[in-house]
Amino acid sequence: MSGKRIIGRDYEQHILQNICEEYEARLVAVYGRRRVGKTYLVKYFFKEKFDFIFTGSFETPMKVQLSLFKTALEQYSGRTWATAKNWFDAFAQLREFLQGLGKKQIVVFLDELPWMDTPRSNFLAAFTYFWNTWGSTRDGLKLIVCGSATSWMLEKVVGDKGGLYGRSSRSIYLAPFKLSEVERFLRLRKGIVWNRYQILELYMILGGIPYYLDMLEKGLPFTQNIDNLFFRQGAPLRTEYEFLFRSLFKSASIYRQVVEVLAARSMGLSMKELKDQLGAGDSGNLSEVLDNLCKCDFIRKYSAYGKKEKGSIYQLTDLFSLYFLKFIGKRTGQDEHFWSNIKETARNAWAGYAFEQVCLHHVSQIRQALGIQGVLTNVCSWSSPRQTDNDGTEWPGVQIDLLLCRADHVIDICEMKYNQSEFVVSREYAEKLRQRNSTFAHLTRTKDALHNVLVTTYGLTTNLHSGGIYATVTMDSLFSETPEKLAMLA
């Protein structure tokens with residue numbers, strides 16, 4: 001661990017530093033999507049100087065977990081312990097060990113906490129009892145708990161309404177990297193220097209997940225790296241998609257079904273549309289599934305312009321899942337050099353949609369490029385089917401994926417275009433934008449000014465038809481650090 005430096009996570013380290021400098025006992029919950037670097041952050045910050053560390057095992061019975069807990073206790077204490085019969089006994093042993101240390105500050109790390117909570121184990125009750133009756137009263141104790149099952153962490157620890165209510169001193173959400181952090185990770189951790197177009201495509205495939213990025217090999221071409229990760233025999237990410245759901249959710253099947261249905265509809269679906277597609281009869285259960293997928297960074301819930309909460313749309317935003325379902329899925333026997341050999345036309349539809357999702361992950365950077373980061377802005381979308389007014393006027397069907405609805409009575413209508421060179425506005429495209437804006441203004445009855453904003457890779461070619469583009473945001477702007485991030489780094 002000490003041989004590698006950490007990239008980013010400056011704010012999260014600042015929080016941990018403040019917690020360590022406090023005299024009182026602290027329970028800290030670290031959560032976020034699987035493979036995002038939670039364990040690495042905690043171990044890097046504390047430099048492996050833990051008084052006790054234990055990691056839960058996936059789909060492992062309580063009896064085995066307790067045996068592993070005993071082994072960890074013996075490793076850190078240097079003495080022999082009896083195998084606990086239950087988690088209450090195990091935490092009693094831990095308390096006995098920690099009480100005998102005689103230290104001002106004690107650091108305990110329980111990793112993959114949700115995996116310890118096996119059926120009928122009473123783990124959560126025992127953990128709550130341990131913290132409430134002793135841990136919270138022991139000045140200097142820093143108890144760090146971690147888990148990839150974000151919904152479990154939020155429900156059982158961070159937002160628990162039972163025994164742990166209000167007991168979590170601090171929660172740390174670890175988000176995937178932004179493009180700027182991926183660029184730094186590749187250069188400083190991996191020694192890989194690729195251009196931003198390649199890094200952007202990499203992000204469209206892997207997202208900002210450090211664990212996946214760390215698998216890249218220096219000295220290999222970009223396309224060969226992708227082939228090695230996904231398509232060669234025994235590729236490490238070939239089975240990752242299925243394991244993600246099994247490790248995060250107890251009823252993995254329904255979660256996968258929702259993700260796969262949303263993958264086929266780029267605009268997203270409403271709750272009712274999802275129910276119809278899935279044949280789901282229990283709205284409450286589906287609502288919980290969608291909420292958990294949002295919390296685990298697989299999907300987003302957003303409002304359609306002019307509609308209230310019941311008009312919310314759910315859209316798949318996890319870039320790794322999008323790529324996997326498009327090019328791998330249940331296919332077998334695929335070319336081991338698939339990504340090196342794939343034709344441009346075969347990947348264009350995916351690339352266009354994936355780029356839109358990258359833009360949605362970088363709305364702060366887009367706002368900064370437009371100079372409106374200080375303006376209150378609501379992010380939403382809008383769509384309308386083809387329709388005819390009473391007077392016979394026809395309005396075409398319209399889909400707008402990103403609207404920046406500003407408090408200064410301006411709506412930025414963002415067009416996101418993934419291109420290998422400067423984008424050229426044709427006469428037909430300019431007319432399409434004009435009709436779209438007219439349709440939007442008429443059907444929404446908005447009085448706000450409408451600005452066409454082009455978000456693209458290499459910018460815009462100025463010609464006779466480009467005057468309708470109010471502002472252009474390039475790929476380089478998506479790599480910028482926001483003022484909020486720079487303030488954290490200061």
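Tutor: H12 and H13 are oblique to each other. This is a predicted model, in which local features need pLDDT of at least 70 and side-chain atom pairs count only at pLDDT 80 or more, while totals for chains, interfaces and linings use all residues. Residues are numbered from 1 along each chain as its sequence is written, and side-chain values use heavy atoms, with hydrogens and water left out.

Student: Why are H12 and H13 called oblique?

Tutor: The axes of helix H12 (residues 240–248) and helix H13 (residues 252–263) cross at roughly 130° and come within 8 Å. Angles under 35 degrees count as roughly parallel, over 145 as roughly antiparallel, 65 to 115 as roughly perpendicular, and the rest as oblique. The pair is therefore oblique, and its crossing is right-handed. On the H12 side the contact (heavy atoms within 4.5 Å) is made by Tyr241, Glu242, Phe245 and Arg246, and on the H13 side by Ala252, Tyr255, Arg256, Val259 and Glu260.

Student: What makes helix H11 (residues 222–230) largely enclosed by the rest of the structure?

Tutor: A residue is buried under 20% relative accessible area, exposed over 50% and partly exposed in between, using a 1.4 Å probe and protein chains only. In H11, 7 of the 9 residues are buried, so the helix is largely enclosed. The buried residues are Phe222, Asn225, Ile226, Asp227, Asn228, Leu229 and Phe230, and what covers them includes helix H9 (196–206), helix H10 (210–213), helix H16 (319–327) and helix H17 (338–341).

Student: Why does Pro176 count as partly exposed?

Tutor: Its relative accessibility is 23%, and therefore Pro176 counts as partly exposed. Pro176 sits in the loop between strand S5 (170–173) and helix H8 (179–189). Leaving aside residues up to four places away in sequence, Pro176 touches Val36, Glu181, Gly208, Ile209 and Asp297. With Gly208, 32 residues apart from Pro176 along the chain, the C-alpha separation is 4.7 Å.

Student: How do you know whether Thr128 is buried or exposed?

Tutor: Thr128 has a relative accessible area of 11%, and so Thr128 is buried. This residue belongs to helix H6 (residues 123–133), where a polar atom of the Thr128 side chain lies 2.7 Å from the backbone oxygen of Leu124.

Student: What makes strand S3 (residues 106–111) mostly covered?

Tutor: Of the 6 residues in S3, 6 are buried. Ile106, Val108 and Leu110 point one way, Val107, Phe109 and Asp111 point the other way, and all are buried.

Student: How do you know which strands pair with S3?

Tutor: Two strands pair if DSSP finds at least two bridges between them. Strand S2 (residues 52–55) and S3 have 4 bridges in the parallel sense, with Phe109 in S3 as the bridge partner of Ile53. S3 and strand S4 (residues 141–147) also run parallel, joined by 5 bridges, and Leu110 has Val145 in S4 as its bridge partner.

Student: What makes S9 and S17 edge strands?

Tutor: The open sheet has 5 strands in the order S9-S12-S13-S15-S17, with mixed pairing. Strand S9 (377–384) and strand S17 (471–473) are its edge strands, since each pairs on one side only. For S17, the pairing with strand S15 (residues 449–456) is parallel and spans 3 bridges.

Methods. Helix = DSSP H or I, 4+ residues; strand = E, 2+ residues; numbered from the N terminus. Polar contact = N/O pair within 3.5 Å; in protein donor to acceptor, adjacent residues only side chain to side chain. Axes fitted to C-alpha atoms, helices over the stretch in contact; angles between N-to-C directions. Left-handed = near helix turned anticlockwise from the far one by under 90°.
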